[in-house]
Every structure is written in C-alpha cells, then in structure tokens.
Amino acid sequence: MKPLLEVEDLRVRFHLRTGTIEAVRGVSFQLGRERLGIVGESGSGKSQTGRAILGLTPPPGEVTAKRLAFDGIDLQTASKRTLREMRGGRISMVMQDPKYSLNPVMTIGEQIIEAYQAHAKTGRAEARDKALAMLEAVKMRDPQRVFSLYPHEVSGGMGQRAMIAMMLVTDPDLLIADEPTSALDVTVSMEVLRILDELVSERGMGLIFISHDLKLVSSFCDRVLVMYAGRVVEELEAKNLREAKHPYTQGLMRCLPTLANDVHPLPTLNRDPSWAL
Amino acid sequence: MIMLDIQNLNVVFGTGRLRVDAVKDVSFTVKRGEAYGLVGESGSGKSTVLRAICGLAPITGGRVLVDGRQVTTPRDKTFYRTVQMVFQDPYASLHPRHTVDRTLSEPLAIHGEKDAEARILQALKEVGLGPSFRFRYPHQLSGGQRQRIAIARALILRPKVLLLDEPTSALDASVQAEILNLLDDLRRKMELTYILVSHDLAVVAHLCERLLVMRHGEAVEETTAEALRSGKASNEYTQSLIQASQGFTRKPSQATAIAG
Amino acid sequence: MANGGGGHDALRFYLTKTAQFVFVLATTLLGLVAVTFFIGRIVPIDPVLAIVGDRAPPAVYARVRQELGLDLPLIQQFWIYLRKAVTGDFGNSVLTTNPVMTDIANTFPATFELATLGTLIGTLIGIPLGVLAAVKRGSLIDQFVRFIGLAGYSIPIFWLGLMSLLLFYAKLGWVPGPGRIDVTYSYLYTPVTNIVLLDTAMQGQWDAFWDAVSHIILPACLLGYFSLAYISRMTRSFMLNELAQEYVIAARVKGLSEMRVIWRHALRNAAVPLVTVIALSYANLLEGSVLTETVFAWPGLGQYITNSLQNADMNAVLGGTLVIGTVFVLLNLVSDLLYRLLDPRTR
Amino acid sequence: ATPPDTLVHAWQIDDIISLDPAEIFEFSSSEIAGNTYERLINYDIKDVSKIYGEVAESWTVSDDGKTYTFKIRQNKKFASGNPLTAEDVVFSLQRAVILDKSPAFILGQFGFDKNNVKDKIKQTGPYEFTMETDKAYAPTFVLYCLTSTVASIVDKKLTMQNEKDGDLGYNWLKTHYAGSGPFSIRDWKANEVVVLERNPNYEKKAPLARVIYRHIKETATQRLLLEKGDVDIARNLNPEEIAAVSKNPDIKVDSAPKGTVWYLGLNQKNPNLAKPEVRKALKYLVDYAAIADTIMKYKGEVHQAFLPKGYLGAINDNPYKLDVAKAKDLLAQAGLKDGFSVTMDTTSRPETTGIAQAIQSTFAQAGVKLELIPGDNKQTLTKYRARQHDIYIGEWGSDYQDPNSNADTFAANDDNSDNAKAKPLAWRNAWDPGPLTAKTRAAVMERDAEKRAQMYEELQKAVLDDGPFVIFLQKIEVAAERKNVDGFVMGPSFDTNSVAQAKKN
Amino acid sequence: MAGAPPLPQPSGLRAWLLSAEPNSRWQARLGRGYLGWRSFTKNPLAVLGLGIVVLLLFVALFADFIAPYSPVIGGDLRTQRLLPPSETFWLGTDDQARDIFSRIIYGSRITLFVIVLVSIIATPIGLLVGTVSGYLGGWVDTVLMRITDIFLAFPRLVLALAFVAALGPGIENAVIAIAITSWPPYARIARAETLMIRNSDFIAAVKLQGASTPRIIFGHVVPLCISSLIVRVTLDMAGIILTAAGLGFLGLGAQPPSPEWGAMVATGRNYLIDQWWVAAMPGLAIFVVSLGFNLLGDGLRDVLDPKAAK
Ligand SMILES: Nc1ncnc2c1ncn2[C@@H]1O[C@H](COP(=O)(O)OP(=O)(O)OP(=O)(O)O)[C@@H](O)[C@H]1O
Ligand SMILES: Nc1ncnc2c1ncn2[C@@H]1O[C@H](COP(=O)(O)OP(=O)(O)OP(=O)(O)O)[C@@H](O)[C@H]1O
Ligand SMILES: [Mg+2]
Ligand SMILES: [Mg+2]
C-alpha cells in the first residue's frame, strides 16, 4: 500500500538577525492510515515538523525536503491553490490550545461552516446541518447551543472538541494533532483522545499525534518518533517503548514519577552532547 | 505539632451575577515537616486555597492558623517570613526586567537583611545554580532554571512553610524530575512544610504523605499516598483520576461517564 | 456559574450601566466647567474690555462689569453660572452677541461636517493601507505607509493646507476656493441643521449640494490625511498583533484563502481596538481643526473657541469646551458600545 | 468668479460685535455702518476740512456758541420706507447718549447725559431741531463729532417696533438694520460673512445690487481668492503679498492714509524711561524710514506727530531719524552709558511683532536690551490699562475727525493718580503733561480755526520733544482690487470707506 | 548620516561585555546595554533616527561655532530682507533680514529644551497617575481616571491656550501647557499596562515577600510600563514640536526674536507663496527632527518593548 504521507530529510531553518536556527534537521518518516506519535522535549522541533507538512512555517522560516508528498502529490511543487485545497480539505491540524486557536469574535458554528464551505460548494443550510452533525460526532451534549456560542463561552474541553469538529468536518485523510490535550484536564483529555481514536479507527484516517507526554503517546499511538534537537533519534512501535534503545528515550521513560513505584530521588536525564549531533 | 490549620475555609469572588464560590468549607491540617497534596481538576479551587492562605485571595469564611496563630489581614511581615509560595508558571512568576540578582535581593531589602551578597550566592547554590546565573534576565533562563530561581526566592527568607502551586506542570518531564528531587532535598535539609498543588497524581504521591482531593471547590476526600498506590481510594472521583493518570486505555471506561 | 434570574439581572445590569454613564458624563462636565471657569477668571485678560472696547469711559466700564456679575465673589459667580448652565443657558457670547448655544449650533455643524468626512476618508483609506503594510511587513508598501504616517505626524497642518490650496485651487483649479459654499448658492437653501450637505440635499438644491461638496473635499481630504496617518499606523500594529495569533494559523489550516484570513479573521479582531483609535482620532479632528479651519475660512467650532479665548469671551469658551467635552464623552461611550458589539468577550 | 452685480470683499471681520450704530466702535463695523447709515453731517474725504450736510440741509450756531440749530432734508426715506424726519434724528442722538455704549462719550463730551439729553437735543419742527452744548466749544469740534458713526440716523419707528423692556431697540438693532444709507444689511453671520443689499429708497441708487464681506482670516488665503477672482477686493494683504499681486495685470492696489498712528508708549513709572534724555534717546533709536520702506511698506508712512496727516493743525515734518551716536550721547547724559534693559508688551499680530523686532534690533545698537512680551490683544491691553508695562507698542486711531480726539489722549491728563477716572494714553503711561493739559482744554474751545490749528501745532511739538510717546508711522490702508472694480473709495477713516458708488466693469 | 560610528572594539573589552558570567552588577548592565546597542544598530532606520537626534544634540551644543550669523540681530532691512538661499545665506533670510540657517541652528536648542522639558514633566505625571490608579484600583482608580478623562476631554488647544494665557506667554509656559495636556494619554497607557501586570505572578510574589505598595509600584510596576511609555513619548516628539509650533502660530509660544522653529514657520506663513524658504526651512527642520525621533522610537520599540520584540 502506498503511504499517505512521505517525508524525507525535512529541514526547517529560521534566518534571524542573530544567525540561522535549524529547528528541524533532516526528519524522515512515512505514514499510512495509522496513529503516529511524535514526542520530544520542548523546542525539539515537533510542532515545526507538523507545520512544515502543512506549509505553514511562519515567515522567516525556510523549509527544504528531499521529498514531501501527500498521497503522491508533491507538496513542495504544488501550486498555492492545490495547497489550499489540500489544507483543511485533506490534511487538517488540531492545535494545542482552543483558547487561542479559535477566532474569538466568531461563533463556533460559523467557524465550522466556514471550514466546510471552503472546500465543499454547498448552501448554507446544508453546511449548517453538517456542522451540527459534526458537533454531535464529537459528543457535544447540546450541539444546537454550542453552535451559537462564542469560543470564550465554552470550557476548554468543549472548545477542543469544537476545534476537532472544525478540522474534521471536511473528512480529511490526515490529521495532525499538535498537543491537542495538553491544555486540558486529565479526565477531559481522555475523552478528547477517545474521540480522536474513534475517528481514526472508523474513518481510516492517518493521524500524527504530537505530544511531550511519553506515557500518553505510548498508550495511544501505534508508532512513535522520538525527537531531540530537531532530529528523530529513535523510531519504534509504541508497545515496545519500554525497550527503547536510545539513552534519551530511556531517560525520559525513567524520570517520570509513577504511582506504581516510589523512587527517591527520581533518576534525571544527563544530556549527552553527542545526541544533538 | 501542627503547622497549618485550615478550618471551614470559604472563598467567594465577586457579588451578584458574578459571584463565584471558589472554595467551599474546606478543612485540613498539616503537621510541621509534612508535605500535603491538593489534587483535583482545573478550577476546583486548589490554587485559591493557597492564595487564600497567603492573602492573595479573600478569606470569606473559616479560619486559617499558621504555627498556631490566626492570620491577620493584611498579613504582617512575620507571616511572610514564615510562609512563601512558588507559582505554577515559571515564565510569569519572575519579573521580566529584573535580573536574578535583583529578584533575589528584593526580599532581603524588604526585610532589611544584611549581607545580601552572600545570601544570594548561598540561595543560588541551594537550588543547584552557580553564580554565573546571577546577572541573567529571566528570558536568558530555561523553564527549569526559572523555577529554581523562584524556589530560591521563596527560600531566601528561610520560611517554614512553602506553598507550591503546580511547580512542575509547565516543565518537561526531565526537568520536572530535577525540580521534584530538589524539593525533596530541601524539605529534608530545612525541615520545611509543603502544600503541593498538582493535577498529576503521580507527582503528588511522589512528594506528599497525605493529600486532599478537591472538586468544584469542595473537599472530596482526604487520603494518603499509600492508599493511592494501592488503588484503595474510596471515592469514585478519585478513582477516575487514578485511572486517567495511567495513560490512555482503549477499552471504554467509566472515565467517559464522569468528565465533561 | 449561576445564571438564574436572567431578565431581572440584565435589567439591573443596564440600569447600573446607564447610571454609570450619567455619572461619568456629569462628573466630567462638572470638572470641565470648573476648570475652564476658574482658568477663565485667573487669565489676566479683562473680560469687560472685550465688551466695551479700549476707549469706553470709566462709567460704562463699571456698569458692564457689574452687569457681568464680575464684582461678586468667585464662588458665587461659579454657582450662578452652573445654575444657568444646567438649564442650557451659557449666557451670551461677547463677540457675536448671540447666546452661546446659538453660536455653537451654528459653528459646530461646520466642524462636524468636516471632521466626519475627514474621519471617513482617513478610515476608508487608512485601514486598507495599514492592513497592507502589516501583511507585507518590511516591503515597499510598508515603508510607504510608514512614511505617510511620519509625514502626517510631522508636517504642520497649516503649511500643508496652504500648499494644497495653492496647488489644487490656484494652480490646477480642481477645487473651488476656501469657504463652505459659493456665495451664489448660499441663499438658495434655508439652514436647518447647518450641515450644508444635509440641508441642500434635503431641500433638493442639488447644484448647491455639489458646490458644497466641491468646497469641502479639499479640507476634508487634508484632515483625512492626518487621521489616515494615525489610523494606518495603528491598524498596522494591531494587524501585526493579530496575524501572529494562533487562530490565524488555524484559519489557514482550514484552507481559507489568504484574503479571507486577513480581512475576515484578522481584521475583524483588529477592528476591536481600532474602534477606539478611530473614535479618538475623530474627537481630535472635532476639537483640533482650528488651523485647517483658519486656512480654509471654515466657520467652525475650533475657530470660534480660539477666537473667543483670545478675546476673553469666557462664556463662549466655556460653552465650546463643554460641547467638545460632551462629544468626547459621547464618543467614548459609542466606541465602548461598539467595542462590546464587536467583541463578544465583553458582552 | 463673482457675480457682476456683487462686490465681494475678503476681510478679517471678526472684530464686529454689534451692528447698532450707537455701539459700533470697531473698524469693520464702522465701515459697514458708513455704507448703510447716514449721518447728520459728513466731511469731504478728499479735503477733510470741508464739512457738508448729509441728512442736515443746513445748520446755524448761536452767538454764544452753545446752541446748534439743524434743518433736515425733506423727502428722505429709510430703507424700510418710513420717511426720515427730525424726529428720527433727535431720537438717534438721544438714543446714543441714553444707551451709553462705548462710543457715547463722543456725544457725551458736550455735556449730554441720560437725564438731560431730552432737554438739550430737542425737535423744534418736523424738519428742524436744536442741540445745546454745555460750553462754547469750537464748532469744528462739535461738527466733526457729529460725523462719527455714533451719530448715525436710525429709523425710529422700525426700531421702536422692536423695543423690548425699554431697551430702545438695542437688542434688536445689534443684529438688525434700520438705516437709510445706500445699502441695507441683509445678513450678518459672526466670523463668517456680512451681506449688504442695495437700498432702493436711497436717492443716489448704488450701482451694485449686493456687497459681501467674507471673513477670511489668512492673508495668504485672501490673496489666492483675489488672484483667482473669487473675491473682488482683498483687504488684509501684507506688504510682500501686495508687492506680489501688484505685478498681476488683473489687480490694482489702492490705498489711503488713515487717522491712525503707530507709537511706543513709555511708562513713566519706569525710572529709566522717566528720564527725559532716555525718552529722547529712544526717539533716535527707531529706524523710521527702514520700517516704512520694508516691513510696513504700503501699510504705513513715517509720521511722528500725534495728529495724523489731514487733521486740523497736523504737523508733517518728521524731525527724528535713526541716529545711534546721538542716542548713545543722550543715554550717557542720563547716566546710562551702557544702556539698560526694558520690556515691551507686544500683541502677537504679525505686523506688530515685525515692527517690534526691528525696533528691538536698533535699540540694541545703543545697548538698550529690549525684551518682547508677546500676548494677545486683549491681554496686552489689560496690562497696558493697568499701567503695568514698560513699553507698549500699538496703534491709536482717533475716535472722530477732530484734532481734539488725539490731543485729549496724548497731551492731556487731568489726574495722574492710579485711580483716576479718565484714562487717556498720557495717564496709561503715567505721564503728567503739566501745562499741556490746560492747553488742550483751551484748544477745544477756540472758535477761530486758524488759531486753533496753531495751538495744536504747539501741543504736537511739545509732545514730540518731550512726551513719552515714540510715534513712528501713520497707518495706510491698502486694498488690492480686481481691475474691473471701480469706485470703491477709501477715506481717511474706516466709516468713510465707501462702496456706495462702486461698480464692476 | 550615521550616528556615532561604532568604535573599533578591542576584543578584550567586547569579550568582557559579552561575558556570560559577569562578575558585578556594573559589568552585567554594561553588557546588556552593549547587546541592546548591537541589536539596535542592526536596524539601519533606527540608526538613522539616532543619528538625527545626535546631530540635533551636537548642533544645539555647538550652535555658537556652527552658526555664521547672529540668530536675533538682523542685517540691513533694505538690502538683506527675504533673500532666497544663496552662498552668503545658505537657507536665505527672513523678514527681519536674519540668516535662517543660523536661526535654525540656534533654534535647535529651544526645540531640544521643549522636548526634554515636556518629556520630563509629562512622562512622570502620566506614569505616576497611570500606575497608581491601575495598581490600587477601587475609588482611587475612579477618581484619578475621572481627572484624566477631564483633561483628555478638554480641547487641547483651549487648555494650552488658557494656561499660557494664565501664566503669560513664553516658551517655558508653553512647555508647561503642552506637558499638562499631554500626560493623560500616557496615564492611560501606563494604566492599561499596569492592569495587565498587576495580577501577574511576579507581582504576587513580591507581595508575598511583604513589599509595601509604593515599593511594588515604583520598583516593579513602573519599570515595566516605562519602556512602552518611552516609545510612545519619542513617537509623540513630533507632535510636541508641532504643538509648540501651533502655540507659536497663535502667538503664545516662544517670544520673538527667539528662533523657535514653530514660530519661524508661523512667521514664514506670511511669505509662504513667494518667499517659500522662510517657512519651508524651519518646517523641514521640524520634519527631519520628528522623523529622527519617530525612527528612533520605532527602533527603541524593538529593543525595549518586550511585546514587540516577540
Ligand atoms: N518563528 C520562529 N522563529 C525562530 N525560531 C523558531 C520559530 N518558531 C520556532 N522556532 C524554533 O524552532 C525550534 C522548534 O520549535 P517547535 O515549536 O517545533 O518545538 P516543539 O517541539 O513543538 O516544542 P514545544 O513542546 O515547546 O511546543 C525551537 O528551538 C524554536 O525556538
Ligand atoms: N480573582 C478571581 N476572581 C473571580 N473568580 C476567580 C478568581 N480566582 C479564581 N476564580 C475562580 O475560582 C475557581 C477556582 O479557581 P482556582 O484557580 O483555585 O482553580 P485550580 O483548582 O487552581 O485550577 P487550575 O488547575 O486550573 O489551576 C475558578 O472557577 C475560578 O474561575
Ligand atoms: Mg510545540
Ligand atoms: Mg491553579
């Protein structure tokens, strides 16, 4: 089977006044209709990888890759128009914090309709039905009401679900979720994850799940990429996480306190400069 | 020896339409040298309890006794020498225009302490930072380093009680481990009393002996780290928290029924 | 969160809001009156002189002084003034002999007309310019907008006014000369609102209307330019702020066209603080167009107040100041309301 | 362009505060009154000494010199259509005295007041009345006073129809019109426009249907309007602008000297200025000719006596010129070899500041450090009237066409104490003219014109020599007109600037 | 024109400045200033702005040596009046036959005086009112903001004119009048900024150390407001010069013959059409200096303002 997404030697650079920062340094992976997790500490380039795929690297940034293809379409050479149709239509992204990523002055319903109408030539009534259906699909208790609420009027969990509804309303083939639950309560985040999980298994969508929570990624995803300083230092099956080879991955696994065993002091991570090479 | 005694604490914000009962009738006590945890979902009033203790939120009802004495409003200087707090967000809790040096010398200046120089270097050492950090600005520090500075600032007046409001939740796992170890260490060395707020049960269990589970501003149950470990929490809500902290489980569970 | 008793609460909410507004208006106006009044009395200009002139014999002088109540204690004078002011009686202007209110009713519409058109021009051009500058940050257009803005800040308005008259009126003949309307048309309509454009249009005097339009266009463009300088600059900075927000990226993720992202998402949000900026610039034009008015022989409020002030015509100054103060507070209120309307978070 | 039957002036008319002739005392309103009201008598603007009756047909003076009997022309009509009779004339004069507005003293100085005026000015027939003065003044003095605006004839019937609370129609007439002149006032919008319309009842019908005075504050704007032909006459151009427009073939420049002099008032309360040598030295420290030829070109000519050219007895030889050496000498005599510092209150009008700065730099040449204190007109005047200045620079325009107007203020001061009742210029500069006061009083009683002229010459010489006034220019009024304007006549005072026979070709 | 050319730095000093581990507060401060300077100099427009401001300072300081003629004493009225720019009079002469170039040179002193005085009067008032009212809240806030509103609602020119009228004309009083009318916006800005930071954790932290209210306001709140205020004030400079000019235009600013630029433009307005240089030259000076301050302000914003730098 042809992979949904092919990424080879992806690099993201920022040319700043103070010099050039290479945020992503040669990341390669392939993705089928599966759940791929990307973990790594803050600043390791997870988000930039995700954004580069969508072509949304912020201004001073420059993206290069040997190959960056979605469903056989080369994203680097694609026209702006194709890219735009791809975005939201076939590839979507759920972002970390609903508080900032929903437009504060538009109702949730409007925002979902807008996303739908950007890709499907339909009337408003139909778009509205679709949006309501989508809100229902993300287990919103009272879709009618939520539809006409403004982002600040809903809780974080509801907002994140609305965000997911907005991003999935066009039935994309690939969803990139950039820390979709880190702003949420543990209990609420479980619920959101469950919705994502169902969507993947029911629609056969590909999912890239970005997080810094190893425990979560290992329990949620099929495959995990571990990133460090802009590189993938290790790629492994989620269930094999405990057998990670790379000392960084091992260290990360160990330094988490758990309910199960009480270690004092906690092991800490000694960064080896050679990891970043 | 009871260090902190909270009885029927109530905190209300605003009036009329805007009234929020943030904390309702919460009581607990903490012994000297003990570490006590507060857990619960977002908005359950954990931070508000801490803020009420140290005077950043109004005490609408109930009593707060520190070291056997009821607190006054406004708090007096001795109070601040007894109780200090560390905030959740290391990025927001340091003055962006003050160097570490200035941040650390401020409490000394306020309380008219002498040999600031030595004490600042000492405080930096205690939190595992060298003198090279002394003249840096917060933006020149990593999150973990900032949190260490925040802890150093809290400790520089040699308080007896440290209120920790999610001190590690903004940090990476590896950094979190370092901070937790540091806190563990300091407590032992300085015989500190902790109240630790966190939504991460594992973190609370790691550091504290006893903990209080809160929800919607009310105390749900008081339990011990031991009990959590052995999964013996009596309360359903506590159970769901334990459940969630285990990571994602594909089988549908009761977590769905509760959240939202 | 408790949401019970909505209707009653809402009513009370609006009542409090209204009461608050009335309070703000009242205290601001009282403050204005007090400050102006006392300034007026300590200014070393003899108000009697303004009335009787330099040559009047002492007896006349003394009589007028008494008529004006200037021999009473200051506090008493203030009290009398205040009592009358509450009933809308600001006394008579010394210079024009009319009741101050009549004068203001004559001059304010001229200023209003000019400032409104100026703000309209400034807004309609300034916002797109600002947006463009923000979107194309660092580009030529950005530099251009910046230059326009800078020039707007630093060029003396009377200089630009006279130069534009010289060019567009004297040299090119594109616009008619200074004044509100040509003398030939000035008696074709009856002043009702004193807003010439409105009066002529309502009375169907279209020739007069177009003449008035051609008269107002140059000074309005001039004022428009100055408000444009400010508005475009603020728009740029608000837009830069909005464009850096996550929701803009989210909108792009949805596959929206760049046009839609900029104009519908980012600008819609930037519009919230912009409302205040526009209101402020409008207020500034209302009060600060004295020099433009002088150059264009525009009989507006700014000129009226300045002229009165220079002639110690304190009744007129007080009245004018109060009107501007009221307008200011009202504009504040309107921008506040618009703010609420535009930003659902404040509702 | 302006309509052919309409004459449009661009003029700074923000000084108008009233249109009631009993109150009018400002430049622009005087001119408007001059064109819209008639007076009892008037003088020939070409030869001021020729007095003729305007409303009066003839008059006689009694032997004791106190009673004047006037015969009124018949068949005269107001713009309203009401006939003009002696009743109107008597009413107008009485009214001015009773209302007692600023210019009322021009009549009041003959001994009229509220209480006695009804007895002193009496109608004696339908077209005849008498006026009785308290002393036997020089008849020229009395008659000249009757040529001033305050003695304009108002329509009694119309005015009294609009009377309210016994105000003699004052509140109405302030903004309305009740006269018989060549034009009637149709509209006055303060700071904006005054519109005059032809009076159909005037016997020598005006050629123009309408005259409009537009208030244009900026002189540059006035110039642009004139050059474009959107006004016919620009009234306030500055010298450079006049020089520029006079090169324009479509524009001509007309001018007339006015009864106004520019002067410095030296406050005698200042010990330095009180020294006679210093007063004299300062008179040698003004570059009269340069000022008149450059800054004030077209707008003033050198004149140093207090009576303007054209007035009875005016002396026109100007003895002083810039002479720094002599001034230094004089200062040394006064014990001020190194000069001294002194301030000058200056209104912020461009002309005044221009002259002031020129004077400042010539003063400096003899070590007199002059500090200018700018202020707006009313503010500076307030200070001047309180005698708180050192030096004051300003203009003085005579109130009526008789030499007494200026002599009374420059050369007489009955009471030099701080709370004196009358405050002539001599008082304002704290100067006690000594015997000159009595001489001034005598001159006004002198019925022989020749002798009277001589007395004024003496007074002028004395002030010129020792007075605390450095008079340097006589004002000239300039108007730049479109070539096609004809017959706009400028007289020696503002109320004699006439559009009555103006027309456009 | 560039500002003070960056001196060739001995590498030792540079290393010392950039040391990651400064040994004293002084070294740290200097190092930080050096870094700021470096990032500032990367912005050519800002450097241009600084250059203009430095030039202004230089000219003001050495006016006596630069100006070829006296700024106040005119030449011969008959022959040297209103001459166009030439070799003898670089920028021409004015109506009093004075050299415009010399007047502009000397006028820089007054401009500088106005700017400095207004900023040191208005900024502290605005800062104080804004921070106190924002930090304390409650009725103090209500009262102070009412007062601010009153001053804000006042027609600026009326207030300025009134003050000048009350205090007497002259540049000092004009400055005071301008200062009095320009603090309210600063107070607003400072208040808005204060409201944002008053509930932040680092303020809570100092409170918890027992800091007194004045200590918090002056030690912690003010430094944070000051940078955006400085930026705003520099951006306002042009406006201040022009307001001074406006007062001069109405005859209430600097007293003649002082070579205040605004007053010069105002006088020049009488000769605007034919003798354009009389108004244009000082006008150009105002424009250039405003430009300088604006560019500098923009540049400073990048260096000082943490929000804009993000
Ligand atoms: N606009 C930008 N300009 C310059 N550098 C940037 C920019 N955006 C990101 N970077 C840099 O790119 C690197 C990777 O950033 P990225 O956001 O991908 O990290 P991340 O792994 O998502 O971290 P986090 O867990 O904190 O979100 C970081 O070092 C960051 O400083
Ligand atoms: N200053 C305040 N004014 C009004 N309401 C407040 C204020 N501070 C807190 N609250 C409310 O009090 C409740 C409890 O807030 P608190 O911050 O204590 O929760 P928390 O348990 O610390 O949550 P989190 O885990 O998100 O920090 C919330 O509903 C919050 O909205
Ligand atoms: Mg990220
Ligand atoms: Mg909290």
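Trainee: Before we start, what should I know about the numbering and the model?
Mentor: Residues are numbered from 1 along each chain as its sequence is written, while chains are lettered from A and ligands numbered from 1 in the order in which they are written. The model is predicted, so local features need pLDDT of at least 70, side-chain atom pairs count only at pLDDT 80 or more, and totals for chains, interfaces and linings use all residues; side-chain values use heavy atoms, with hydrogens and water left out.

Trainee: OK, how many residues surround ligand 1?
Mentor: There are 13, and the closest are A:Ser42, A:Gly43, A:Lys46, A:Ser47 and A:Gln48. To belong there, a residue needs a heavy atom within 4 Å of the ligand.

Trainee: Which side chains have an N or O atom by an oxygen atom of ligand 1?
Mentor: A:Ser42 has one at 2.6 Å, and A:Lys46 has one at 2.8 Å. A:Gln48 uses a backbone N or O atom instead, 2.8 Å from a ligand oxygen.

Trainee: And how much of the ligand does the protein bury?
Mentor: Ligand 1 exposes 640 Å² taken alone, and the protein buries 68% of that. Those areas come from the Shrake-Rupley method with a 1.4 Å probe.

Trainee: Which helix gives the largest share of the shell?
Mentor: Helix 1 of chain A, with three residues. Helix 1 spans 46-54, and both it and strand 1 (5-16) supply at least two shell residues. Helices here are DSSP runs of H or I with at least four residues, strands are E runs of at least two, and both are numbered from the N terminus.

Trainee: Switching topic: where are the cis peptide bonds you mentioned?
Mentor: One joins A:His264 and A:Pro265, with omega about -15°, and A:Pro265 sits in the segment after helix 10 (247-254) of chain A. Another runs from B:Thr73 to B:Pro74, omega near -5°. B:Pro74 is in the loop between strand 5 (69-70) and helix 2 (77-82) of chain B.

Trainee: Why flag those?
Mentor: Because most peptide bonds are trans, and most residues other than glycine have a negative phi.

Trainee: What is phi like at D:Asn75, then?
Mentor: Positive, about 65°, although D:Asn75 isn't a glycine. D:Asn75 lies in the loop between strand 5 (67-72) and helix 2 (86-99) of chain D.

Trainee: Is D:Asn75 buried or exposed?
Mentor: Exposed, with a relative accessible area of 75%. Exposed means over 50%, buried under 20% and partly exposed in between, using a 1.4 Å probe and protein chains only.

Notes
Polar contact = N/O pair within 3.5 Å; in protein donor to acceptor, adjacent residues only side chain to side chain.
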